[in-house]
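Subject: Structure handover

Hello,

Here is the structure for your files. Notes on what was found in it follow below.

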Amino acid sequence: MLLLIPGPVTTRPEVRAALAHDFAPWDNDFRPLLAGVRARLLRIAGGTPDRHTVLPLQGCGHFITEAAVRSFILPGGKLLIPDTGPYSDRMVRLAREAGRVPVTLPISQTMPTPPDAVAAALEGEPDISHVGVVYSETGSGVVHDPAMIGAVVRAAGRRLIVDAVSAFGALPLDVAAQPEIDAVVFTPNKCLESVPGMAFAVARIDRLEACAGHAGSWSFDLASVHAHSLRAGPGSSRFTPAPQAINALKVALDFFDAEGGQPARLARYTENMRVLYDGVLSIGLEPCLAPEHQGPIIVNVHAPDDPAWDLQRFVDALKRRGVLISNFYNTPTPSFRVGCIGAIMPDDMSRAVGAMAEALNELGINRRRAA
Ligand SMILES: *Cc1c(COP(=O)(O)O)cnc(C)c1O
């Protein structure tokens, strides 16, 4: 089955095989595994070991995003969140429920966040301490540039938190060049092509030390994760980690390196996206984004304007053909979403387009343009 949902993604059999072991997370044989994975993730982020650290947290992307918000923003503190779509909405809710004050910046959701809009919003509100930005907005498929947004955040003397959950490993990152970044958060089950279970933040050590005690939650306190790591060693965990997921990530990182790292992964995903984007056009469907704003992670396609359209029936017809997509959509008007990430190749995307054509015929969908 091709998993194009996107995330968790299609993984390699070797990655899944790495789950078939028992581990004692506190054992001296396990510790180098976690320490090694953290060091490799730091290199992918462009971090320097004297200034940055990679912090593991059990759980999913929402958990690590909440942890970053709690750990770096004071209770009652304000953060500006460009309204990129459903995932910025999620950051808004996480922040609000953690007792921080999100301030949303309305922007067009079909193109990248204009940095000058962020600059103008910060100028008007000097008590906003942070900006929270979604690197790749999985709801729309648009990539927002943390380097350009970071430049205005830095110039305004504020701090940046980046949700790179659907970007890390595929889109470029250089935290050493962006001192305004407090944390970049991500999970291994998207562009790193591993399995769910653990989440990670790349964070600045000086800021972690300055922010100790803010979180208001022991579980979600990155400063506590850092302090524990200093005390007990980089392969240690405060609470039971997901050791199988960490072992799988090690194998996934071996494939990541062998492929040629982030640039190679971005090139493959970009090719996957092009084959998919051109393919859906060729069968009469309409992608939601203009080609110049279409990112390489996920393509949203307008629901065909045909009375026979039914997303769940389309998903089921595709599944019978070995392709699994989401049975929900995140765009303002009906659509379906197809991921371009995971251990999949452009040929797989051609196969998926072929399956879509067959499924549309099976459902009797003739009018394929958007409403
Ligand atoms: C997948 C995703 C998340 C988090 O998802 P979880 O289900 O919590 O792992 C957060 N942000 C973005 C942009 C995502 O794509």
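**Helix α11 and its cover**

The buried residues of helix α11 are Leu311, Phe314, Val315, Ala317 and Leu318. Because these residues cover an arc of only 165° around the axis, they lie on the same side of α11; the arc is that of the directions from the helix axis to the C-beta atoms. Buried here means under 20% relative accessible area, exposed means over 50%, and partly exposed is in between, with a 1.4 Å probe and protein chains only. An α-helix has 3.6 residues a turn, so residues three or four places apart point the same way. The cover over the buried residues of α11 includes β10 (323-324), β11 (335-339) and α12.

Before the rest, the basis. This is a predicted model, in which local features need pLDDT of at least 70 and side-chain atom pairs count only at pLDDT 80 or more, while totals for chains, interfaces and linings use all residues. Residues are numbered from 1 along each chain as its sequence is written, and side-chain values use heavy atoms, with hydrogens and water left out. Helices (H or I, at least four residues) and strands (E, at least two) are DSSP runs, numbered from the N terminus.

**Two helix pairs**

Two packed helices are described by the angle between their axes and the distance between the axes. Axes are lines fitted to C-alpha atoms, for helices over the stretch in contact, and angles run from 0 to 180 degrees between N-to-C directions.

Helix α11 (residues 311-319) packs against helix α12 (residues 346-363) at an angle of about 125°, and their axes are 9 Å apart. The two are therefore oblique to each other: angles under 35 degrees count as roughly parallel, over 145 as roughly antiparallel, 65 to 115 as roughly perpendicular and the rest as oblique. On the α11 side the contact is made by Arg313, Phe314, Ala317 and Leu318, and on the α12 side by Ala352, Ala355, Met356, Ala359, Leu360, Glu362 and Leu363. Contact means heavy atoms within 4.5 Å. By class, the residues of this contact of α11 with α12 are 9 nonpolar, no polar and 2 charged. Ala, Val, Leu, Ile, Met, Phe, Trp, Tyr, Cys and Pro count as nonpolar, Asp, Glu, Lys and Arg as charged, and the others, Gly among them, as polar.

For helix α9 (residues 243-259) and helix α10 (residues 261-282), the axes come within 7 Å and cross at roughly 85°. That angle makes α9 roughly perpendicular to α10. Phe255, Phe256, Asp257 and Glu259 of α9 meet Gly261, Gln262, Ala264, Arg265 and Arg268 of α10. The residues of the contact of α9 with α10 comprise 3 nonpolar, 2 polar and 4 charged.

**Backbone geometry**

Two cis peptide bonds are listed here. One runs from Ile5 to Pro6, with omega near -20°, and Pro6 is in the loop between β1 (2-3) and α1 (13-17). Another joins Gly7 and Pro8, with omega about 0°; Pro8 is also placed in the loop between β1 and α1.

Glu193 has phi near 60°, a positive value in a residue other than glycine. Glu193 is in the loop between β7 (181-186) and β8 (198-204) and counts as buried, at 5% relative accessibility.

**Single residues**

- Val153 is in helix α6 (residues 146-155) and is buried, with a relative accessible area of 0%. Leaving aside neighbours within four places in sequence, Val153 is in contact with Val118, Leu122, Val131, Arg158, Arg159, Leu160 and Glu180. Val153 and Gly233 are 80 residues apart in sequence and 33 Å apart in space, C-alpha to C-alpha.
- His228 is in helix α8 (residues 222-232) and is buried at a relative accessible area of 16%. With neighbours within four places in sequence left aside, His228 is in contact with Gly233, Ser236, Ser237 and Arg238.
- Thr110 is in the loop between β4 (101-105) and α5 (115-124) and counts as partly exposed, at 41% relative accessibility. Apart from neighbours within four places in sequence, Thr110 is in contact with Val142, Leu289 and His293.
- Gly216 is in the loop between α7 (205-210) and α8 and is exposed, with a relative accessible area of 71%. Gly216 and Leu281, 65 residues apart along the chain, have C-alpha atoms separated by 50 Å.

Regards
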